Amino acid sequence: MVDLSIERKAKGEKKVVAGLGGDASNEPARPESFRAVKDRLYSRIEGLDIAPDLGADIGSRRWFRGLGTFVGLSVVALAFWPDFAPLEAAPPLPDDQQVRSEYRSQMIMPLGLGADTGRRMGPTALVRPLAEAPERPQMQMLATLGRGDSLDRTLRRAGIGSAEADEVASLIGRAVPLDELDPGTQIDITLGRRPAPGATRPLERLSFRARFDLELKVDRMDGDGPLSLTRRIIRVDETPLRIRGTVGDSLYRSARAAGAPASAVQAYLKALGTQVNLQRDVRATDTFDMIVSHRRAATGERQAGQLLFAGLERGSRGSVQLMRWGSDGDFFDADGTGEEKGGLVAPVPGSMSSRYGMRRHPVLGYRRMHAGVDFRARHGTPIVAVTDGRVTGAGRMGGCGNAVRLRHANGIDTRYCHMSRIAVRRGASVRRGQVIGYVGSTGLSTGPHLHYEMYRGGKHVNPASVSFVTRKQLSREELTRFRDALGTLRDVEEGAALADLTPTADEVASEEPEREIDKLDKPRPVG
């Protein structure tokens with residue numbers, strides 16, 4: 001058996017499967033599955049390059065094959081292009097006058113042409129058109145004075161003639177300066193009937209609120225009479241509005257919920273922040289106290305102004321009392337000490353070009369001490385004082401050219417060099433931010449810039465290392481007036497300014513009686 005097997009293998013005989021008695025090559029092939037056929041078909045389709053990119057390989061065989069595909073698809077699309085022949089959606093309208101009239105009566109038309117009845121009510125030969133449409137006998141409008149606009153131009157746009165607009169502006173200008181009229185002022189205008197077709201309507205009356213305490217009215221005594229001006233002085237009470245409340249979770253939200261205007265709350269937080277730390281020193285149980293300037297007119301209008309008093313009651317931790325005082329509107333505490341203010345960082349709005357220290361001089365050519373700092377600035381840029389002081393020198397100062405020297409508190413002096421023009425005189429007092437000169441290139445200078453020096457006790461120091469902090473202190477006489485005003489202000493009752501003004505006998509007598517027809521426009525209470 002072994003030898004026979006070896007011999008068969010040597011002769012290349014094929015293996016016989018045991019039990020079948022046949023050759024393996026004669027075994028019938030199994031049918032291929034549908035999944036295999038589908039996978040082979042998809043792989044061939046994916047390999048086809050049906051739509052080549054016509055933007056690549058222009059002129060190649062692949063490109064022409066893609067062009068042919070494009071042309072073929074275009075021809076197929078045009079072959080199935082729809083027809084534009086009209087489609088009959090309804091039978092044609094019969095050429096009959098009676099039928100057309102019936103169709104017309106069923107159309108959606110204006111009231112004058114039958115929409116109320118559905119029948120034909122079109123105009124016939126008996127209807128004669130009007131020569132002109134009737135006009136309204138009066139026209140009432142509300143004109144608003146825009147920002148940067150003038151009164152006469154506003155009146156002309158409202159339809160008032162040029163002559164009457166100039167006359168009205170002249171009359172109003174005698175009562176109040178026209179440039180003091182606030183933008184947004186609303187003018188109630190009534191125009192009369194035209195004297196002739198195409199003519200300008202005459203002005204019958206005009207009224208507006210010129211100021212919070214003044215109302216102006218322009219009208220005619222009779223139909224064709226001249227225009228006259230009537231002034232109505234409105235009584236105004238200026239009792240300040242005092243608002244108090246508990247800080248709670250948020251000082252801002254609590255103050256707004258108590259009725260304080262947003263601008264007053266912001267000013268209150270800013271003033272209070274100069275005395276205490278709003279994040280650390282204010283507790284929820286503290287009581288805020290603010291007083292705002294307030295005006296109420298006898299006609300019912302109200303107007304809130306700026307913050308006058310900012311207070312904070314903190315129990316055993318002490319209270320804060322700040323009141324606005326002086327023409328600058330600064331806040332002072334009860335001792336007459338003003339709020340802390342930091343000095344300006346730079347005397348000109350420019351970057352620093354040369355720092356304090358040893359350097360090679362750009363004009364002299366050798367190394368020497370640069371006893372100040374230089375700022376880049378254009379010729380003519382204003383130079384301001386970094387803090388309050390007194391002018392101790394103004395004029396030519398050697399290599400500094402035109403310069404100004406200021407004496408400040410605590411033995412501090414500053415000098416501003418190379419000016420093109422000086423704006424102050426020696427001995428004058430200057431305020432923080434006041435213009436003292438203009439940038440130039442006088443003296444030992446290679447171009448327009450500002451050389452800024454600072455001295456302490458007569459010795460120059462680095463200006464970048466010093467920051468100014470100033471506090472105002474009221475004098476004795478002014479301090480006495482300040483404390484009297486503070487006491488009067490603190491006596492204001494909370495919410496006293498919210499009550500309506502009681503009308504006087506003259507105001508009651510001048511009121512026009514209310515007509516019954518006007519009562520119909522008032523809202524009725526709902527039961």
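Predicted model: local features only at pLDDT ≥ 70, side-chain atom pairs only at ≥ 80, totals over all residues.
**Figure 1. The aromatic pair of Trp 325 and Phe 482, with a second pair for reference.** Five aromatic pairs turn up in a search of the whole structure. Trp 325 belongs to strand 10 (residues 319-325) and Phe 482 to helix 9 (residues 476-490), so the pair ties together parts 157 residues apart in sequence. Phe 482 is buried, at 0% relative accessibility. For Phe 375 and Tyr 452, the ring centres are 6.4 Å apart and the planes stand at 45 degrees, so this pair is tilted. Phe 375 lies in strand 16 (residues 373-376) and Tyr 452 in strand 23 (residues 449-456), so parts 77 residues apart in sequence are tied together.

**Figure 2. A cluster of rings.** Trp 325, Phe 332 and Phe 482 are linked into a cluster by ring pairs.

**Figure 3. A charge over a ring.** The charged end of Arg 209 sits over the ring of Phe 212, at 5.7 Å from the ring centre.

**Figure 4. The surroundings of His 418.** His 418 is part of strand 20 (residues 412-422). His 418 has a relative accessible area of 5% and is buried. Leaving aside neighbours within four places in sequence, the contacts of His 418 include Gly 399, Cys 400, Asn 402, Val 439, His 449 and His 451.

Methods:
Residues numbered from 1 in each chain as written. Heavy atoms only, no water. Helix = DSSP H or I, 4+ residues; strand = E, 2+ residues; numbered from the N terminus. Buried < 20%, exposed > 50% of the residue type's maximum accessible area, 1.4 Å probe, protein only. Contact = heavy atoms within 4.5 Å. Phe/Tyr/Trp six-rings, centres within 6.5 Å; stacked < 30°, edge-to-face > 60°. Lys NZ or Arg CZ within 6 Å of the ring centre and 35° of its normal.
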